[in-house]
Amino acid sequence: MSYGNRRNFYLRKFIKTKLRTRKSKEKKRKREEKLNAEESKKMNRIIEREKDCYCETCDKYFHHLGIARHRAMHRDRKENCVISYSDYSTVLHKFKKGAEDEK
């Protein structure tokens, strides 16, 4: 093997290893980005599942999207209820009209 061929051989080998390491680094970076994206999705799901509204009548916590149905349940039963919402406001919902409803 002459000097020129040997030099080209080692040069090609060097370039191949450089390309391999670059590709492996890119794969590693993409894998880490994917894991970070999955973790952020999990955190978003956890945040979405937080029960941040509270019914003081029933002494239960509810998700902010489910509290409306719970309030409707009190309305169907014609019960007054006190609900603390996620914006820290507490509201008394009056559904009883008077003494004639209490039997």
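Modeller: Helices (H or I, at least four residues) and strands (E, at least two) are DSSP runs, numbered from the N terminus. This is a predicted model, where local features need pLDDT of at least 70 and side-chain atom pairs count only at pLDDT 80 or more, while totals for chains, interfaces and linings use all residues. Residues are numbered from 1 along each chain as its sequence is written, and side-chain values use heavy atoms, with hydrogens and water left out.

Colleague: Let's start with the strands, then. How many bridges join E3 to E4?

Modeller: Two strands pair if DSSP finds at least two bridges between them. Here E3 (residues 81-84) and E4 (residues 90-93) run antiparallel and are joined by four bridges. If you want a spot to look at, find Ser84, which sits opposite Thr90 in E4.

Colleague: Is Tyr88 buried or exposed?

Modeller: We go by relative accessible area: buried means under 20%, exposed over 50%, and partly exposed in between (1.4 Å probe, protein chains only). Tyr88 counts as exposed because its relative accessibility is 78%.

Colleague: Where does Asp59 lie?

Modeller: Asp59 is in the loop between strand E1 (53-55) and strand E2 (60-62). Its phi is positive too, near 60°. At 55% relative accessibility, Asp59 is exposed.

Colleague: What about the segment after E4: which residue is found there?

Modeller: Phe95 is found in that segment. With a relative accessibility of 15%, Phe95 counts as buried. The C-alpha atoms of Phe95 and His74 are 7.9 Å apart, although 21 residues separate them along the chain.

Colleague: On to charges. How many salt bridges turn up in the whole structure?

Modeller: For a salt bridge, you need a side-chain nitrogen of Lys or Arg within 4 Å of a carboxyl oxygen of Asp or Glu. The search of the whole structure gives two. One joins Glu33 to Arg29, with the closest N and O atoms 3.1 Å apart. Both of those residues lie in helix H1, four residues apart, about one turn of the helix. Glu33 is partly exposed at 44%, and Arg29 is partly exposed at 43%.

Colleague: Which residue pairs with Asp76?

Modeller: Arg69 does, and the closest N and O atoms are 3.1 Å apart. Arg69 is exposed, with a relative accessible area of 52%.

Colleague: Which residues form the positive surface patch?

Modeller: Patch members have over 30% relative accessible area and no salt bridge; like charges are joined within 9 Å, nonpolar side chains (Val, Leu, Ile, Met, Phe, Trp, Tyr) within 5 Å. The positive patch consists of Lys23, Lys27, Lys28 and Arg31. Take Lys23: it is found in helix H1 (residues 3-48), and at 53% relative accessible area Lys23 is exposed.

Colleague: And which residues make up the nonpolar patch?

Modeller: Leu11, Phe14 and Ile15, with about 290 Å² of accessible area together. Those areas come from the Shrake-Rupley method with a 1.4 Å probe; for residues, only the protein chains shown count as cover. Leu11 lies in helix H1, and with 43% relative accessibility Leu11 is partly exposed.

Technical notes:
Lys, Arg positive; Asp, Glu negative; His and termini not counted. Charge placed at Lys NZ, Arg CZ, Asp CG, Glu CD.
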